[in-house]
Amino acid sequence: MFKILKWLFIIALVLAVAGAFWSAFALWTGIYSVYSYPPGKDHPDGLTLLISREEGEPMFNSIDYVPPKPKPKSSGGGMSFESIPRKHRPPALRTVLKLPYIEWAYKKSLEKPEPETQ
């Protein structure tokens, strides 16, 4: 009985380490994003989500995030092969992991973003 519990503990530990490694890798490469809800009416204790990141989204995001104004593009009179901007899916549909409120992540989402350069 003790051997079975020992192996189950080892397997659980290996899976936890692998999950932590994958989450860190996914944040670093931009696969995931951290989305924070501050304490309020909808979420009394606040909430932090690990979500799938969509194009143009910052690594740290929240309801109060203000995106930078895009740099005006000089039109040379020719065609442009840029993709049409799409509306992002709501965080509830992209949630990977729910975490308790992390104030540091929320404050990081409020930092003034650097303007876009091209």
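Biologist: What does contact mean here, and which residues is Asn-61 in contact with, leaving aside its neighbours within four places in sequence?

Modeller: Contact means heavy atoms within 4.5 Å. The model is predicted, and Asn-61 sits in strand S3, residues 60-62. Once neighbours within four places in sequence are set aside, the contacts of Asn-61 are Ser-33, Val-34, Tyr-35, Ser-36 and Ser-109.

Biologist: Is Asn-61 buried or exposed?

Modeller: The relative accessible area of Asn-61 is 7%. The cut-off for buried is under 20%, so Asn-61 counts as buried.

Biologist: Which side chain does the side chain of Asn-61 join in a polar contact?

Modeller: The pair is 3.5 Å apart. The partner of Asn-61 in this polar contact is Glu-57.

Biologist: How is the chain built, read along the sequence?

Modeller: The secondary structure comes to three helices and four strands. Helix H1 covers residues 2-29. In sequence order the pattern is α-β-β-β-α-β-α.

Biologist: Which element has the lowest mean pLDDT?

Modeller: Over the protein chain the average pLDDT is 84, and 86% of the residues score at least 70. Where pLDDT is low, the predicted coordinates should not be read in detail. Among the elements, strand S2 (residues 47-52) has the highest mean, 93. The lowest mean, 88, belongs to helix H2, residues 91-94.

Biologist: How far apart in space are Leu-27 and Arg-53, C-alpha to C-alpha?

Modeller: Leu-27 is in helix H1, and Arg-53 is 26 residues away from Leu-27 in sequence. The C-alpha to C-alpha distance between the two is 9.0 Å.

Biologist: Which residues is Leu-27 in contact with, leaving aside neighbours within four places in sequence?

Modeller: Leu-27 has a relative accessible area of 22%, and is therefore partly exposed. With those neighbours left out, Leu-27 is in contact with Tyr-32, Ser-33, Val-34, Leu-50 and Met-59.

Biologist: What is the area of the nonpolar surface patch that includes Trp-7?

Modeller: Trp-7 lies in helix H1 and is exposed, because its relative accessible area is 53%, where the cut-off is over 50%. The patch is made by Trp-7 together with Phe-9, Ile-10, Leu-13, Val-14 and Val-17. Its area is about 630 Å².

How values were computed:
Residues are numbered from 1 along each chain as its sequence is written. This is a predicted model: local features need pLDDT of at least 70, side-chain atom pairs count only at pLDDT 80 or more; totals for chains, interfaces and linings use all residues. Side-chain values use heavy atoms; hydrogens and water are left out. Patches are made of residues with over 30% relative accessible area and no salt bridge: like charges are joined within 9 Å, nonpolar side chains (Val, Leu, Ile, Met, Phe, Trp, Tyr) within 5 Å. Accessible areas come from the Shrake-Rupley method with a 1.4 Å probe; for residues, only the protein chains shown count as cover. A salt bridge is a side-chain nitrogen of Lys or Arg within 4 Å of a carboxyl oxygen of Asp or Glu. Helices (H or I, at least four residues) and strands (E, at least two) are DSSP runs, numbered from the N terminus. Buried means under 20% relative accessible area, exposed over 50%, partly exposed in between (1.4 Å probe, protein chains only). A polar contact is a pair of N or O atoms within 3.5 Å; within protein, one must be able to donate a hydrogen and the other to accept it, and residues adjacent in sequence count only if both atoms are side-chain atoms. pLDDT is the predictor's confidence in each residue, from 0 to 100.
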